[in-house]
Amino acid sequence: MRRRRYGSYGRKKSSNSLGIIILGLLIGAGVVLFTSEGFERNKPVIESNDFIYWNRKSPLKIRVYDDTALKSYRVYINDGEHKVEVANDILPENVKEKVIDIIYPKKVLNGVRLDPRAEKLQVTIEVNDRSNWNFFQGNSTTKRINVEIDYKRPDINILSNSYSVTRGGVGLVVFQVKDKDLKSFYVEACGNIFKAQPYKESGYYATLIVWPYDKENFSANIVAEDRAGNKRISNVPFYILSRKYRTSFIQAKDKFIDGKISDLIASDPDYLMIEDRLEKLKAINEVMRNKNEDLIHSLSSKVSDELLTEWKIKKFYPLKNAAKVASFGDDRHYYYKTKDNEVSESKHVGLDLASTKMAKIVSSNAGTVVYADDNGIYGNMPMIDHGLGLYTVYGHCSNIIVKRGDRVHAGFVIAQTGKSGLALGDHLHFGVLVQGIEVRPEEWMDRKWIRDNIDKVFKSADKIIEGE
């Protein structure tokens with residue numbers, strides 16, 4: 001009898017062990033299953049503020065997304081008396097993100113028409129994902145967005161602007177932008193966007209605008225858009241003055257390539273393996289030049305967000321008793337041995353000035369040094385920020401006297417002329433840029449031009465802002 005009891009006990013023990021193992025496996029499988037991606041518990045996200053403006057003319061765009069995949073969404077609009085379903089969609093598998101275009105129904109929808117005079121609406125968005133959580137119903141999110149209808153476009157008032165702009169030159173505009181919920185504004189000209197700096201009082205702005213020398217046509221517009229999607233475009237009325245720029249054909253001699261070009265090749269490990277003469281020329285005159293100018297463009301593209309109370313600029317006269325030895329905007333074509341064998345091309349985007357050897361270079365206007373180091377073909381090169389997006393560049397220096405971060409005053413000696421970089425003789429490459437675009441230095445060296453196109457514009461705008 002005892003043996004039978006022991007045998008029964010052993011069988012029970014074995015059965016219990018097996019049950020524990022099975023239970024453990026089931027628990028483990030459950031844990032794996034319910035912690036898998038298919039059972040994720042994160043709700044979809046509806047990306048929107050609780051309160052927004054809408055013009056009802058353009059679709060209201062709302063972004064929704066989910067960790068795993070979206071399944072469906074519904075959208076309702078309520079005008080306070082009536083509620084209408086305006087969107088209902090089941091999405092394809094594996095869609096994690098969707099921008100819902102909510103279109104205001106202008107006609108009767110499902111037997112209901114929203115009041116077109118309603119100034120406030122409530123938009124309700126319901127979103128479901130494809131998770132197996134919640135008994136395979138998935139996760140869901142509902143968001144109610146309060147909407148104020150806004151049909152009014154931003155106001156743009158041009159206070160004053162330069163009368164004319166010359167190809168390769170600059171114009172100034174001072175303007176006002178007003179809207180109860182302004183989203184963005186900028187000035188656009190020839191495909192370039194110009195940032196405006198706050199001026200005098202809240203809502204007023206000033207910016208310099210460029211007509212690039214390599215663009216045939218010019219037009220400038222101030223563009224403002226509010227958060228409801230209303231946009232206004234206002235043309236800045238400049239009188240257009242065209243200008244032609246010189247095309248030069250330059251013979252690339254072996255002495256030049258084996259001298260200056262080879263020196264620059266040896267100064268940069270990126271080009272050390274180039275042995276062919278013409279490839280050397282192209283590498284320095286085009287590839288290195290583009291790299292150096294990209295740095296200049298990047299450094300000179302910044303405009304301050306600080307309120308500008310005034311901006312005074314004097315004519316630039318960086319080199320005493322200097323003679324011009326090369327013009328701005330020259331289109332230079334290099335040929336080897338015969339004119340029909342063109343091997344390289346470049347643009348000259350500054351004014352070359354020469355006086356005596358290692359002559360002093362001064363900053364004619366106050367500013368902050370943003371660069372003071374070697375820059376490839378431009379050699380030793382200080383660069384100064386004068387405010388309102390205006391920058392000056394001084395290339396080929398023998399010695400730089402300032403350092404980055406220095407604040408210099410008008411008349412301060414910043415460097416000495418030389419022939420560093422791609423220069424055959426001692427001279428200064430003087431460049432002027434506005435928001436990263438090269439412009440004619442001659443304008444900024446002309447006292448009358450500054451008076452007519454800068455000083456008078458600010459003076460005229462100040463009378464309006466100050467209410468004189």
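Predicted model: local features only at pLDDT ≥ 70, side-chain atom pairs only at ≥ 80, totals over all residues.

Two strands are said to pair if DSSP finds at least two bridges between them. E9 covers residues 155-161, and E11 covers residues 170-178. The two pair in the antiparallel sense, over six bridges. Within this pairing, aspartate 155 stands opposite lysine 178 in E11.

Which strands make up the sheet, and in what order? It is an open sheet of four strands, ordered E9-E11-E15-E14, and the pairing is antiparallel. E9 and E14 are the edge strands, since each pairs on one side only. As a general point, strands of a sheet pair through backbone hydrogen bonds, either parallel or antiparallel.

I turn next to the loops. Between E9 and strand E10, residues 164-166, there is a loop that holds tyrosine 163. Is tyrosine 163 buried or exposed? Its relative accessibility is 61%, and because exposed means over 50%, tyrosine 163 counts as exposed. Together with Tyr239 and Leu241, Tyr163 forms a nonpolar patch on the surface. The accessible area of these three residues together is about 340 Å².

Lysine 200 is in the loop between strand E14, residues 197-198, and strand E15, residues 204-210. Its phi is positive, near 70°, in a residue other than glycine. Lysine 200 is partly exposed, with a relative accessible area of 24%.

Histidine 396 is in the loop between strand E27, residues 390-395, and strand E28, residues 399-400. Histidine 396 has a positive phi of about 70°, although it is not a glycine. How accessible is histidine 396? Its relative accessibility is 5%, and because buried means under 20%, histidine 396 counts as buried.

Finally, I come to helix H3, which spans residues 254-266. Where is its kink centred? The kink, of about 25°, is centred on lysine 260. Lysine 260 is also among the buried residues of H3, along with Phe256, Ile257, Ile261, Ser262, Leu264 and Ile265. Helix H4, residues 277-299, is included in what covers the buried residues of H3. In general, an α-helix has 3.6 residues a turn, so residues three or four places apart point the same way.

Thank you for your attention.

Terms used. Residues numbered from 1 in each chain as written. Heavy atoms only, no water. Bend = angle between axes of the 7 residues up to and from the residue. Buried < 20%, exposed > 50% of the residue type's maximum accessible area, 1.4 Å probe, protein only. Contact = heavy atoms within 4.5 Å. Patch = residues over 30% accessible without salt bridge, like charges linked within 9 Å, V, L, I, M, F, W, Y side chains within 5 Å. Areas by Shrake-Rupley, 256 points an atom, 1.4 Å probe, with all protein chains shown as cover. Salt bridge = Lys/Arg side-chain N within 4 Å of Asp/Glu carboxyl O.
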